[in-house]
Amino acid sequence: MLEQLDSLVQKLASSAAKGKDESPQIQRETGGESSAKFETPGGINQIPDDMKQKCYIWGTRLKEDANGDTDEYEEICTLIAQGEYILMRMHLASLQAKSDIESQIVSAICLILNQKNEKRFQEQIYCLPSDIVSMALSDHPRGEFISPKTKKEFRVEAYPSFIHFIDRKKLSSHPYIFAPVCHSEHWWLWLINTTKRKCQILDPLHKKAPSDERKDINKFTGYVFSRLITYAGGKPLEKGEKEKEIKASYVKISGQKTSYDCAIYVMKWLELIETENIKNGKYEWDNWPQEEVDHYRVEYASRILFSEMNKQRDRAIRESSAIRLSKPSSVLLSPFCQINSADIETE
């Protein structure tokens, strides 16, 4: 409003100088006009903070009807990648404060980063969506190569609903694969050098495998990655039976201060980590203040919902615009921050 008032004053002064009698009118912005602001590839960087905050509120808050039912299964985002990747409101709601983030959010960020028009992602790094790995770990929960559920070994073909979200060309051609892994609600990141067949692990909480079970899980996930690369037409990380003994060293790096921010660190590392800066198993990293880590939840909500890949992007912009920020931004991340009719602007 201050910016609009300043603009109005300037227009009035300009009109007076030209001898005009008319007073310019402040135009109310419609959803379509809001959408037009974000059409450029770099539009995400131009979104004002208050719009990001409105988007965060709209995307993460569950509504309850008169019967006590919530809208958690409402489809609010459809990313057009190799197929239609659908996110429900419950997935976005996992970005609320102190919540463990759903794997679909991490996969969505992978899909968005892979489409960025940057050399890092177009030629060097492929971010592997986590869906197949997550499903494989649910079938092989302790890293057993023979699944206690299916009584079979891992096969990529057993997960047809997720295969088409993998870019086979990039998976087989890019020299680096960044692969998020989640087990028992904890996330860590694999860095795979496909040229040197070398694997490293960045864990926001651990500097080494915390248990023998984790070592087994790491061996199994290494095998899964190798099978995925082979399926895409690349070379396996190891040949023959050695493929089941793939080892990955842990990199010492500053990480999370809480029990619930691991996915935030992994998603930011996907964007920022430079593999050539890893030396002697260490990565010098200036850790983020907790307040900044908390605010990344707001950033990721707007990045996903306002992405040009989102088929429902115009709706997200329009309905986010209709929210009135009646609460200070410092409490936006509180799970007790709720929306009611007074927070929605109406005509």
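Q: Which residue of β2 does Glu75 stand opposite?
A: In this predicted model, Glu75 stands opposite Met88 in β2.

Q: How do you know that β1 and β2 count as paired strands?
A: Two strands pair if there are at least two bridges between them, and five bridges join β1 (residues 75-80) to β2 (residues 84-88), so the two are paired, and they run antiparallel. With three residues between them, β1 and β2 form a hairpin.

Q: Which residues of β2 lie on the covered face, and which on the uncovered one?
A: Tyr85 and Leu87 make up the covered face of β2, whereas Glu84, Ile86 and Met88 make up the uncovered one.

Q: Why is α5 called roughly parallel to α11?
A: Helix α5 (residues 103-114) and helix α11 (residues 262-272) pack at an angle of about 10 degrees, and their axes are 11 Å apart. Angles under 35 degrees count as roughly parallel, and therefore α5 is roughly parallel to α11.

Q: What makes up the contact of α5 with α11, by class?
A: The contact has eight nonpolar residues, no polar ones and one charged residue. From α5 come Ile105, Val106, Ile109, Cys110 and Leu113, and in α11 they meet Ala263, Met267, Leu270 and Glu271.

Q: What makes β3 and β7 the edges of their sheet?
A: Five strands form an open sheet with mixed pairing, in the order β3-β4-β5-β6-β7. Each of β3 (125-127) and β7 (249-251) has a single partner strand, so one side of each is left without a neighbour in the sheet. On average, and with direction ignored, neighbouring strands of this sheet are turned by 30 degrees against each other.

Q: How do you know that β6 and β7 are paired?
A: At least two bridges are needed for a pair, and β6 (residues 198-202) and β7 have three bridges, so they count as paired, in the parallel sense. In this pair of strands, Gln200 stands opposite Ser249 in β7.

Q: Which strands does helix α10 lie across?
A: Helix α10 (residues 212-231) lies across β4 (176-183), β5 (186-193), β6 and β7, and runs at about 50 degrees to β5.

Q: Why is Thr275 called buried?
A: A residue is buried when its relative accessible area is under 20%, and Thr275, with a relative accessibility of 14%, therefore counts as buried. Thr275 has its place in the loop between α11 and α12 (290-305). Leaving aside neighbours within four places in sequence, Thr275 is in contact with Tyr176, Phe178 and Leu191.

Technical notes: Residues are numbered from 1 along each chain as its sequence is written. This is a predicted model: local features need pLDDT of at least 70, side-chain atom pairs count only at pLDDT 80 or more; totals for chains, interfaces and linings use all residues. Side-chain values use heavy atoms; hydrogens and water are left out. Axes are lines fitted to C-alpha atoms, for helices over the stretch in contact, and angles run from 0 to 180 degrees between N-to-C directions. Helices (H or I, at least four residues) and strands (E, at least two) are DSSP runs, numbered from the N terminus. Angles under 35 degrees count as roughly parallel, over 145 as roughly antiparallel, 65 to 115 as roughly perpendicular and the rest as oblique. Contact means heavy atoms within 4.5 Å. Ala, Val, Leu, Ile, Met, Phe, Trp, Tyr, Cys and Pro count as nonpolar, Asp, Glu, Lys and Arg as charged, and the others, Gly among them, as polar. Buried means under 20% relative accessible area, exposed over 50%, partly exposed in between (1.4 Å probe, protein chains only).
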